[in-house]
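Hi everyone, and thanks for coming. Let me put today's protein on the screen, and then I'll walk you through it.

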Amino acid sequence: MDNPIHLKSITAFHRLLGLKAPQHPLIGVVDYSSIDHAAAENRTVFLDFYAIGLKRNIGGKLHYGQQVYDFDNGLLTFKAPNQVIRFERDVSIPSNPSGY
């Protein structure tokens, strides 16, 4: 496993995805159809904040804790602070990412 990226704030999360800073430091809404997906692929991160995601057509696997989840039919995730997260893109699956 690579060295995990420790994201201490929502602003740092936005920066990783190539987005401008959130309008409020404690709340961020990310449109997954508009982010730089290459920046987050095959990286291990852990967050200091809670995150909720509703994603569709991602084309890959999410490693969360000791479990692996696929995005074949979309996925609703609830992530707690200090949990290790890794997304691995499957290039053989066409993707048109969307969601929040």
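Before that, two notes on how to read everything. This is a predicted model, in which local features need pLDDT of at least 70 and side-chain atom pairs count only at pLDDT 80 or more, while totals for chains, interfaces and linings use all residues. Residues are numbered from 1 along each chain as its sequence is written, and side-chain values use heavy atoms, with hydrogens and water left out.

So, the overall picture. The protein has 2 helices and 8 strands; these are DSSP runs numbered from the N terminus, with at least four residues of H or I for a helix and at least two of E for a strand. Along the sequence they come in the pattern β-α-α-β-β-β-β-β-β-β.

How much of the protein is buried? Of the 100 residues, 34% count as buried. Buried here means under 20% relative accessible area, exposed means over 50%, and partly exposed is in between, with a 1.4 Å probe and protein chains only. As for contacts, meaning heavy atoms within 4.5 Å, residues 24 or more positions apart account for 63% of those with a separation of 6 or more.

Now to the strands. Two strands pair if DSSP finds at least two bridges between them. Strand E3, residues 51-56, pairs with E8 over 2 bridges, and Arg-56 is opposite Ser-98 in E8. Ser-98 is buried, at 18% relative accessible area. Leaving aside residues up to four places away in sequence, Ser-98 touches several residues, including Tyr-32, Ser-33 and Leu-54.

Next, a hairpin. Strand E4 (residues 60-64) and strand E5 (residues 67-70) pair in the antiparallel sense over 4 bridges, with Leu-62 opposite Tyr-69. There are 2 residues between E4 and E5, and Gly-65 in the turn has a positive phi of about 65°. His-63, also in strand E4, counts as partly exposed at 24% relative accessibility. Beyond four places in sequence, His-63 touches Val-68, Val-84, Ile-85, Arg-86 and Glu-88. The C-alpha atoms of His-63 and Glu-88 are 7.9 Å apart, with 25 residues of separation along the chain.

Finally, the surface. The protein exposes about 6400 Å², and carbon and sulfur atoms supply 53% of that; accessible areas come from the Shrake-Rupley method with a 1.4 Å probe, and for residues only the protein chains shown count as cover. For one last stop, look at Leu-26, in the loop between helix H1 (10-16) and helix H2 (37-40). Leu-26 counts as exposed, at 67% relative accessibility.
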